[in-house]
Amino acid sequence: MDAAASPARRKVLVEAPPARAAGRASSLTPAEREFARARQDFLDALPVAAAVVCLGEDDEAFVDLSNALFGALAGPNGLGDDGYRSGKVSFLGASGILPRIRSFLRGEDKICQFDATDGLPVGGRIFAVRLVRFEAVPALGRRVLVTLLDKTAQVETENSLRAEMMRDSLTGLPNRTAFNEQVEAVLEGPAFQPGSHAVLVVDITRFSRVNECVGALAGDELLITFARRLVSALRANDLLARTGGNEFAILLRLDRGLEDALQAAERIKAALSEPFRLSELEIRVDCAVGCALLSGGEILPEEVLRNAQFALKRAKGSGDVQIYEPNQARAARRRFSIETELRRAVEAGGLRLALQPIVELRSGAISGFEALARWNHGTRGPIAPTEFIAVAEESGLIVPLGRWALDEALRILGEWDAQAGRPLPIAISVNLSPIQIARDDVAEAVAASLDRFGIGGERLTLELTESAIVQDPKRAAEVLAALKMLDVRIAMDDFGTGYTSLAYLQRLPIDILKIDQSFVRGMLADGDSVAIVRAILSLANALGMETTAEGIDTPELLPALLDLGCSHGQGFHFARPMEPKAALDYWLSRNA
Ligand code: C2E
Ligand code: MG
Ligand code: MG
């Protein structure tokens with residue numbers, strides 16, 4: 001429309017602001033009137049409030065033209081009903097839009113968008129404002145098309161959705177997202193100092209059991225009552241949130257350092273120690289509390305909650321309030337990456353077996369070897385079996401790893417036999433994790449491996465720890481019985497460190513007791529250790545079992561063990577775990 005503007009119209013706009021003065025229209029020529037009507041039609045056809053605002057000769061903005069929607073909002077001249085430059089409150093002025101139009105008009109930008117409110121403190125409206133410069137006919141002066149889109153309803157919907165997203169629907173408390181936002185606000189706030197705030201995480205221990213016993217409805221009631229009790233134990237400014245199924249988090253400001261947090265934790269524990277009265281029941285629940293201080297070193301605000309959860313995990317074991325220590329997160333990260341890398345190593349054949357001789361103490365002959373898994377990580381170097389076996393057990397990777405170890409041990413034995421041209425009198429011991437007993441069909445795997453490499457079951461010993469039996473005695477008994485059908489021998493590893501009841505020892509088909517290294521190594525200096533070893537040996541004798549002393553790392557131990565009646569031994573004094581080829585050479589040099 002600007003391209004079509006005539007010099008006559010320009011005159012109207014420039015010379016006679018504000019153009020809407022009464023009686024003004026009658027002094028226009030017919031062509032000018034028609035043109036003005038066309039422009040008005042154009043604005044009226046727009047579905048949003050729109051106006052053309054110009055910069056007058058006095059360098060002030062004025063509304064040249066507006067549509068009905070704009071008029072309804074702002075009055076025909078956009079300055080409220082008080083008229084042009086009345087100095088009173090005007091819509092564009094009060095909403096803060098006018099100054100931005102003014103500076104836009106004076107500047108060079110072609111387009112500008114922003115949100116603005118109408119300035120009313122209550123029930124105000126929110127607009128998306130768009131300014132577009134008209135510059136096709138520079139002679140017309142500086143002019144801008146202002147459109148106002150009322151987005152109040154949209155913003156309100158967004159706000160209520162957001163509020164909904166930040167709230168836990170059961171308890172009405174803020175949820176994890178809201179909590180993390182508050183932590184972020186504290187971390188970025190002006191009053192924050194390392195240690196000035198803490199996060200406590202409270203967890204109802206064994207909640208799933210409670211839920212199972214009392215039903216989900218009563219479980220919900222418990223959560224609500226629990227939340228209410230928590231509130232009663234907090235100070236006015238502490239923030240409580242529900243951050244998980246049965247987990248609550250509290251953001252605290254500390255006036256006297258950690259002591260404040262510990263006191264809050266004690267108050268919480270005390271408040272929760274009273275029984276909970278649900279509709280028809282009265283129950284007692286226990287809770288664990290973990291605590292983390294906000295250090296300011298956090299890269300993400302979520303880290304604080306995660307740190308408190310690390311501490312919580314320990315608190316569940318210990319029963320007291322636990323404070324997060326920074327290296328816990330590092331250890332957890334390492335564990336996580338080790339798990340991923342171990343999975344790859346197991347699949348890609350990245351593990352090896354090392355073999356440690358088991359020696360018949362009286363003759364010094366080698367009766368066999370224990371197969372011990374080894375993992376030489378490409379970049380981290382060798383990783384201790386105690387570390388990666390624990391990760392494998394936690395992740396379930398121990399099942400394929402254990403099958404591999406069994407297969408590999410028997411493969412080595414088969415290869416040695418093939419080299420010698422006859423079955424050698426060498427036995428091999430393979431470790432079996434409690435997780436394998438629980439989850440894998442161990443007997444089936446053993447039978448298949450023995451068969452594959454043509455090894456008699458009597459040459460295989462499976463070492464299991466006491467925990468394998470304690471966890472599920474019935475299953476352990478079935479697995480051991482099935483293994484005995486294959487003539488496999490069973491050794492109880494690390495004996496003395498677990499909690500096996502003597503009744504099981506007697507009932508289960510155990511052939512060998514391996515005495516844990518902690519007792520063996522302590523024997524010379526410590527009378528208690530000698531007494532324990534003596535007791536284990538006489539127990540084994542009474543039950544007709546063989547005995548292997550683990551961890552013989554000095555020659556002085558030998559006579560003492562022989563004296564006490566120990567039949568076999570294993571340890572650095574004889575040999576460290578070694579490569580299969582070196583192990584065979586070692587056996588040949590001692591036994592041939
Ligand atoms: P374990 O079955 O009790 O194995 C004996 C451990 O004692 C081995 O540690 C061995 O190297 C070490 N050792 C032997 N003699 C001495 C000595 O004189 N002094 C000292 N200080 N240590 C000695 P390693 O190889 O680090 O294995 C640790 C544990 O990891 C094993 O304890 C076993 O529980 C587990 N493990 C290793 N390989 C496997 C496997 O293939 N499957 C399963 N389930 N567990 C395995
Ligand atoms: Mg072992
Ligand atoms: Mg052992």
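Predicted model: local features only at pLDDT ≥ 70, side-chain atom pairs only at ≥ 80, totals over all residues.
Residues are numbered from 1 along each chain as its sequence is written, chains are lettered from A and ligands numbered from 1 in the order in which they are written, and side-chain values use heavy atoms, with hydrogens and water left out.

Strands and helices are DSSP runs numbered from the N terminus (E, at least two residues, for strands; H or I, at least four residues, for helices), and two strands pair if DSSP finds at least two bridges between them. Eight of the eight residues of strand 6 are buried, where buried means under 20% relative accessible area, exposed over 50% and partly exposed in between (1.4 Å probe, protein chains only). Both faces of strand 6 are covered, with H197, V199, V201 and D203 buried on one side and A198, L200, V202 and I204 buried on the other.

An open sheet of five strands has the order 2-1-5-4-3 with antiparallel pairing. Strand 2 (61-66) and strand 3 (111-117) each have a single partner strand and stand at the edges, so one side of each is left without a neighbour in the sheet. On average, and with direction ignored, neighbouring strands of this sheet are turned by 30 degrees against each other. Strand 1 (residues 49-55) and strand 5 (residues 143-150) run antiparallel and are joined by six bridges, with V53 standing opposite V144 in strand 5. Helix 5 (residues 97-106) packs on the sheet and touches strand 1, strand 2, strand 3, strand 4 (126-134) and strand 5, contact meaning heavy atoms within 4.5 Å. The direction of helix 5 makes about 20 degrees with that of strand 4, where axes are lines fitted to C-alpha atoms, for helices over the stretch in contact, and angles run from 0 to 180 degrees between N-to-C directions.

Helix 7 (residues 176-188) and helix 11 (residues 302-318) pack at an angle of about 110 degrees, with their axes 8 Å apart. That makes helix 7 roughly perpendicular to helix 11, a class that covers angles of 65 to 115 degrees, whereas those under 35 count as roughly parallel, those over 145 as roughly antiparallel and the rest as oblique. The contact is made by R176, F179, N180, V183 and L187 of helix 7 and by E302, V304, L305 and Q309 of helix 11. N180 is buried, with a relative accessible area of 11%, and touches P301, E302 and L305, not counting residues up to four places away in sequence.

Two magnesium ions are found 4.0 Å apart, and D493 coordinates both ligand 2 and ligand 3. Donors are N, O and S atoms within 2.8 Å of the metal (3.2 Å for Na, K and Ca), and water is not among the atoms, so sites may look incomplete. The magnesium ion (ligand 2) is coordinated by E370 (OE), N431 (OD1), E463 (OE) and D493 (OD), at 2.0 to 2.2 Å, and these donors follow the spacing E-x60-N-x31-E-x29-D along the chain. N431 lies in strand 16 (residues 427-432) and E463 in strand 17 (residues 460-465), so the pair ties together parts that are 32 residues apart in sequence. N431 counts as partly exposed at 27% relative accessibility, whereas E463 is buried at 2%. D493 is buried at 7% relative accessibility, while D494 is partly exposed at 25%.

The largest nonpolar core has 82 residues, among which L342, W416, V446, L460, L462, L483 and L561 touch the most other members; such a core is a set of buried Ala, Val, Leu, Ile, Met, Phe, Trp, Tyr and Cys residues joined through side-chain atoms within 4.5 Å. Helix 14 (residues 398-420) contributes the largest share of this core, 10 residues. A second, separate core of 34 residues includes L252, I283, V285 and C287.
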